[in-house]
Amino acid sequence: MKQSVTQERVEFTKAMKGEYTILAPDIFPMHMKLLEKVFALYGYKLDVLHYQGKKVIDTGLRYVHNDMCYPAICSIGQQLYALQCGDYDPHKVALIQFQTGGGCRASNYIKLLRKALNNMGMGYVPVISLSFSGMEKNSGFKLTPTMLYKGVMSVVYGDMLMLLRNQIKPYEVNAGETEDKVNKWVDILIGQFEHNKGLVGKGIMRNLRAIAEDFYNIERVSDIKTRVGIVGEIYVKYSPFGNNNLEKFLESQDCEVMVPGVLGFVQYCFHNVSMDYKLYGMNRYSRHVNRFAEKQAAKMEKRVISVLKEYPDLICPSTFEELTSLGDKVIDRGVKMGEGWLLPAEMVELIEKGFNNIVCAQPFGCLPNHIVGKGVIRTLKDLYPYSNVCPIDYDAGATKVNQENRIKLMLAVAREQ
Ligand code: SF4
């Protein structure tokens, strides 16, 4: 007999807003430090989960089919583990999932999460979806324009902090000083957001300049470290749980790490709508809206870049426009499943900025990212003979030791070069 899995959606109501804790998986560790506090400004208690380890993966595997994407197993596993481990009262929490709304399986994570909750007998836990392609209605959760804007600014400042942290920390003389500056600036920025400051024109520029100067003044040694870039599927690229603490591991191997910013991915999502219009004649109105959003994001990005350019010994990211031309050298912009053309574009950018060694982090069995990751290595080698790209698969069955050994091999090649 065919079983129905449809079940009525549990709404996040107004009454829940004050009482419930919203649990989010840790996708963008730096940016979510700010986002957590932006939510608090609007009366929501958001907790970003940092559970890791076999017990969390096992929880994910128990309720999500092992054929599903590894990011789904990790992010849903973290949320379900939080409900089971006793740290939270399941009757006082809601779960949140971030979705791009694209054509890939990530657009279905929300359904997987609801199905898993039903199977656990916790179908009463509300699930909020945050998606680029429209949100479900919840009377207790409203993304107001100012909250959304502060969320976007968290991405802008988060990118700036991540970029500076990655370039300064490996060389700091006093251990811990760079991380202290990150925390200091998260507090300052949230204090400003609370009073609607640091959000437009001069206020943004003043902050960006002060942040850059503050990090730049950290006392550093003049060593030269092995430079390694990280690209990949959005979850395993950024989430320490998804990539077995890849950044920490590279730092322990005496490397300077560069991870392209989240704002590039945001612009990529907007840009893809224009591609849909160009290639398939899809929705003209949606294209206008997305082009407008893309332009606004580009303006923000230019501000970050203009400030970083004042420091010639710091590496400054390319604009999104430049990224599109870099990607055109390798792949067509019609390739937009998963991270699509953005992934090879970021690899080209990293190589041209001196990060010849690249870890391409991909979930095992993620077809779209294997095509644009592993699939372009030959072309990259032809264009840049010194490129040293190491694709690493992340999966519940993959061992950390294996992954680290492959990265060590890549580093050995890098040091020889
Ligand atoms: S990009 Fe890969 S991991 Fe992400 S949803 Fe698509 S198939 Fe899954």
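## Model and domains

Helix 2 (29–41), helix 6 (145–168), helix 7 (177–194) and helix 10 (246–252) each put at least two residues into the lining of the second largest pocket. Helices (H or I, at least four residues) are DSSP runs, numbered from the N terminus. This is a predicted model: local features need pLDDT of at least 70, side-chain atom pairs count only at pLDDT 80 or more, and totals for chains, interfaces and linings use all residues. Residues are numbered from 1 along each chain as its sequence is written, and side-chain values use heavy atoms, with hydrogens and water left out.

The chain is assigned domain 1 (14–142) and domain 2 (225–261 + 317–416). These bounds come from an automatic or database domain assignment.

## The second largest pocket

A pocket here is an open set of points on a 1 Å grid over the protein atoms alone, with protein on both sides within 12 Å along at least five of seven lines; lining residues have an atom within 4 Å of a point. The volume of the second largest pocket is about 590 Å³. Volume means the space filled by probe spheres set on the points, which are joined across faces, edges and corners.

The lining of this pocket has 25 residues. Pro29, Met30, Arg165, Glu179 and Pro240 lie nearest the centre. Helix 2 gives the most, six residues. Domain 1 and domain 2 each contribute at least three residues to the lining. By class, the lining holds ten nonpolar, six polar and nine charged residues. Ala, Val, Leu, Ile, Met, Phe, Trp, Tyr, Cys and Pro count as nonpolar, Asp, Glu, Lys and Arg as charged, and the others, Gly among them, as polar.

## Contact between the domains

The centres of domain 1 and domain 2, taken over C-alpha atoms, are 27 Å apart. Their contact (heavy atoms within 4.5 Å) takes 18 residues from domain 1 and 18 residues from domain 2.

Between them the two domains bury about 1500 Å², with 73% of it on carbon and sulfur atoms. Buried area is the accessible area (1.4 Å probe) that two parts lose on being put together, summed over both. On the domain 1 side, Gln52, Tyr70 and Pro71 supply 37% of the area buried against domain 2, more than any other three residues.

## Cavities

A cavity is a set of grid points where a 1.4 Å probe fits but cannot get out. There are two cavities of 30 Å³ or more. The largest cavity holds about 300 Å³ of space. Of its 21 lining residues, Leu163, Pro260, Gly261, Pro317 and Glu349 are closest to the centre. Helix 6, helix 11, helix 12 (284–308) and helix 14 (342–352) give two or more residues each. The lining divides into 13 nonpolar, three polar and five charged residues.

The second largest cavity holds about 50 Å³. Its lining includes Asn243, Phe249, Tyr394 and Lys400. Helix 10 and helix 17 (400–416) each supply at least two residues. Helix 17 has the largest share, four residues. Four lining residues are nonpolar, three polar and two charged.

## His271

His271 sits in helix 11 (residues 262–280). His271 counts as buried because its relative accessibility is 10%. Buried means under 20% relative accessible area (1.4 Å probe, protein chains only). Beyond neighbours within four places in sequence, His271 is in contact with Glu294, Phe320, Thr324, Arg333 and Trp341.

Conventions: Buried < 20%, exposed > 50% of the residue type's maximum accessible area, 1.4 Å probe, protein only.
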